[in-house]
Amino acid sequence: MYCNTASYGLPPRPGWEALQSALADWHGGRTSWENWGRSTEARALLRAAGGVGVERVAVGSTVSELVGSVVTALPDGARVVVPEIEFTSTLFPLLVQERLKVQTVPLASLVEAVAEGVDVVAFSAVQMSTGEVADLDAIVAAAAQVGAITICDATQAIGWLPLAAEDFDAVVCGAYKWLTSPRGSAFLAVSDRLLENVVPHSAGWYAGEDVHQSYFGPPLRLATSARRLDISPAWFSWVGTHRR
Ligand SMILES: Cc1ncc(COP(=O)(O)O)c(C=O)c1O
């Protein structure tokens, strides 16, 4: 039944109609592309949903690519704990980094696993497979005790579960579920300490401080805000996200 699915959300009428109109413009070659690109202003959704300002929000297309950016901020040898049935778009970007020590634990023991010697905890706020809701406050408190970085995949949460995104170092959210968007738009909210250490390894022109002055040649001139982690927008997905 649609109301009880974790796969995708039905499109709201405004988003659907804006998308059809953008597709018709594309089909007829009737407009330039800049307006489609500006739809990433939808990053402001994270303020409404999770309380973080737009300067802390980056955009991309998928959860795994955004977690892949976050992982660049983790030091060699960092000890990471993850629930054992975690969705792989959060788990695999960690596991592919052989320089990290990743340990999986039952979700029920996640809080106690965040102890002395743990550098990072990565987990879904709501598990995709079971709908189990993580004990967010307890995880944040345990991580604060030992100074661990918190990476929260909120894809199955934002849109229905109140979540204080500013409590975490990284909150990643694919918009095509409870934010009822087309597939292809995703958000990443980052803390200052994470932003300081992250390597924007997928940066292109769209991560530039002035996007339209960043098309060609050096020097590297990335945005100072979290926009430095932006990945060029999949236009039509973002139109549907912005106008939903
Ligand atoms: C918790 C969670 N994270 C991420 C995703 C999607 O990840 P990606 O955008 O990398 O395909 C899903 C999809 O089911 C999910 O349930």
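A polar contact is a pair of N or O atoms within 3.5 Å; within protein, one atom must be able to donate a hydrogen and the other to accept it, and residues adjacent in sequence count only if both atoms are side-chain atoms. This is a predicted model, in which local features need pLDDT of at least 70, side-chain atom pairs count only at pLDDT 80 or more, and totals for chains, interfaces and linings use all residues. Residues are numbered from 1 along each chain as its sequence is written, and side-chain values use heavy atoms, leaving out hydrogens and water.

**The ligand**

| Residue | Part of the residue | Distance to a ligand oxygen atom |
|---|---|---|
| Ser89 | side-chain N or O atom | 2.7 Å |
| Val63 | backbone N or O atom | 2.9 Å |
| Gln156 | side-chain N or O atom | 2.9 Å |

On its own, the ligand has 400 Å² of accessible area, and the protein covers 93% of that. Such areas come from the Shrake-Rupley method with a 1.4 Å probe; for residues, only the protein chains shown count as cover.

Which residues are the closest to the ligand? They are Ser89, Met128, Asp153, Gln156 and Arg183, from a surrounding set of 13. The shell divides into 4 nonpolar, 6 polar and 3 charged residues. Asp, Glu, Lys and Arg count as charged; Ala, Val, Leu, Ile, Met, Phe, Trp, Tyr, Cys and Pro as nonpolar; the others, Gly among them, as polar.

**The cores**

A nonpolar core is a set of buried Ala, Val, Leu, Ile, Met, Phe, Trp, Tyr and Cys residues joined through side-chain atoms within 4.5 Å. Buried means under 20% relative accessible area, exposed over 50%, and partly exposed in between (1.4 Å probe, protein chains only). The largest core has 40 residues. Phe123, Leu163, Val171 and Phe187 touch the most other members. Another core lies apart from it, with 29 residues, including Val63 and Val172.

Helices (H or I, at least four residues) and strands (E, at least two) are DSSP runs, numbered from the N terminus.

Trp33 sits in the loop between H1 and H2. Is Trp33 buried or partly exposed? Trp33 counts as partly exposed because its relative accessibility is 26%. Leaving aside neighbours within four places in sequence, Trp33 is in contact (heavy atoms within 4.5 Å) with Trp205, His212, Tyr215 and Trp235.

Note on methods: Near = heavy atom within 4 Å.
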